[in-house]
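Welcome! Take a look at the model below, and then we will walk through a few of its features together.

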Amino acid sequence: MAMPGAKFDTVRRQTVRNLRIREDTAKYLINLDLNSAHYDPKTRSMRENPHADRTREHDFQGDNFQRHSGDTRTMAEKQLFAWQASERGVDVNLTADPTKAELMHRQHADKKTTLESSMREGVISKYGGEEHLKAPERELLLAASDHYVEYSRTGKVIKGQEKAVPKSKYLEDVHPANHTAVWGSYWEKGRWGYQCCYQLVKGSYCTGEA
């Protein structure tokens with residue numbers, strides 16, 4: 001039985017499978033612009049999209065779009081699996097026995113997923129680090145917001161955001177040794193000290209007002 005759209009020549013014994021239906025518009029007539037997608041008359045193929053600027057669902061979007069849409073990628077994965085399995089000595093053929101190939105491909109995918117999950121759990125149970133596998137929130141990951149900010153050529157904020165307060169490179173509001181005030185908050189006879197205990201030695205322990 002001949003395949004739909006195939007024409008078999010009994011004299012030359014050649015099969016042509018790329019004949020188009022005569023009611024359909026020829027690919028080279030979709031866009032008459034000279035800078036449009038290239039049409040190959042030998043293979044009757046137009047790989048690129050002839051209307052890349054205005055694409056609708058019912059428009060022809062190129063042969064490459066048809067190759068990567070629908071179940072094309074799934075069939076390619078199954079065919080690759082059948083070839084690799086046949087090289088390893090497994091009797092499987094996607095064309096001759098598609099049901100067997102489909103069942104074996106599903107079993108292989110399930111076993112692969114189970115093996116990967118078990119290996120992952122084993123590594124986590126031995127070394128830990130499960131908290132690092134969790135992805136942060138989308139707002140933090142992409143760092144995107146709707147706030148409008150306008151910058152100048154030098155990088156300064158012109159509009160849309162308040163000016164940030166410059167911070168010192170030194171640590172701020174750090175109170176070591178039980179002090180409640182920072183070093184330099186007290187001054188006596190030309191020496192700096194702590195306001196909380198009036199100590200004039202920087203590394204001293206705070207004793208309070210006493």
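Let's begin with H105, which sits in helix α3, residues 98–127. Helices (H or I, at least four residues) and strands (E, at least two) are DSSP runs, numbered from the N terminus. H105 counts as buried because its relative accessible area is 17%; buried means under 20%, exposed over 50% and partly exposed in between, using a 1.4 Å probe and protein chains only. Leaving aside residues up to four places away in sequence, H105 touches E77, K78 and F81, where contact means heavy atoms within 4.5 Å.

Before going further, keep in mind that this is a predicted model, where local features need pLDDT of at least 70 and side-chain atom pairs count only at pLDDT 80 or more, while totals for chains, interfaces and linings use all residues. Residues are numbered from 1 along each chain as its sequence is written, and side-chain values use heavy atoms, with hydrogens and water left out.

## The length of α3

How far apart are the end C-alpha atoms of α3? They are 43 Å apart, which agrees with the 44 Å that its 30 residues should span at 1.5 Å a residue. The expected span is 1.5 Å times one less than the number of residues. After α3 comes G128, with a positive phi near 75°.

## A network of salt bridges

The structure holds two salt bridges, each being a side-chain nitrogen of Lys or Arg within 4 Å of a carboxyl oxygen of Asp or Glu. One joins K78 to E102, with the closest N and O atoms 2.3 Å apart. K78 lies in helix α2 (residues 72–87) and E102 in helix α3, so this pair ties together parts that are 24 residues apart in sequence.

E102 also meets R106 in a salt bridge, at 2.8 Å from N to O. These two are four residues apart in helix α3, so about one helical turn separates them. An α-helix has 3.6 residues a turn, so residues three or four places apart point the same way. Together, K78, E102 and R106 are linked in a network. Within it, K78 is buried at 15% relative accessibility, whereas R106 is exposed at 52%.

## A nonpolar patch

Finally, find L29 in the loop between β2 (14–16) and α1 (63–67). With a relative accessible area of 48%, L29 is partly exposed. Y28, L29 and L32 form a nonpolar surface patch with about 340 Å² of accessible area together. Areas come from the Shrake-Rupley method with a 1.4 Å probe; for residues, only the protein chains shown count as cover. Patches are made of residues with over 30% relative accessible area and no salt bridge, joining like charges within 9 Å and nonpolar side chains (Val, Leu, Ile, Met, Phe, Trp, Tyr) within 5 Å.
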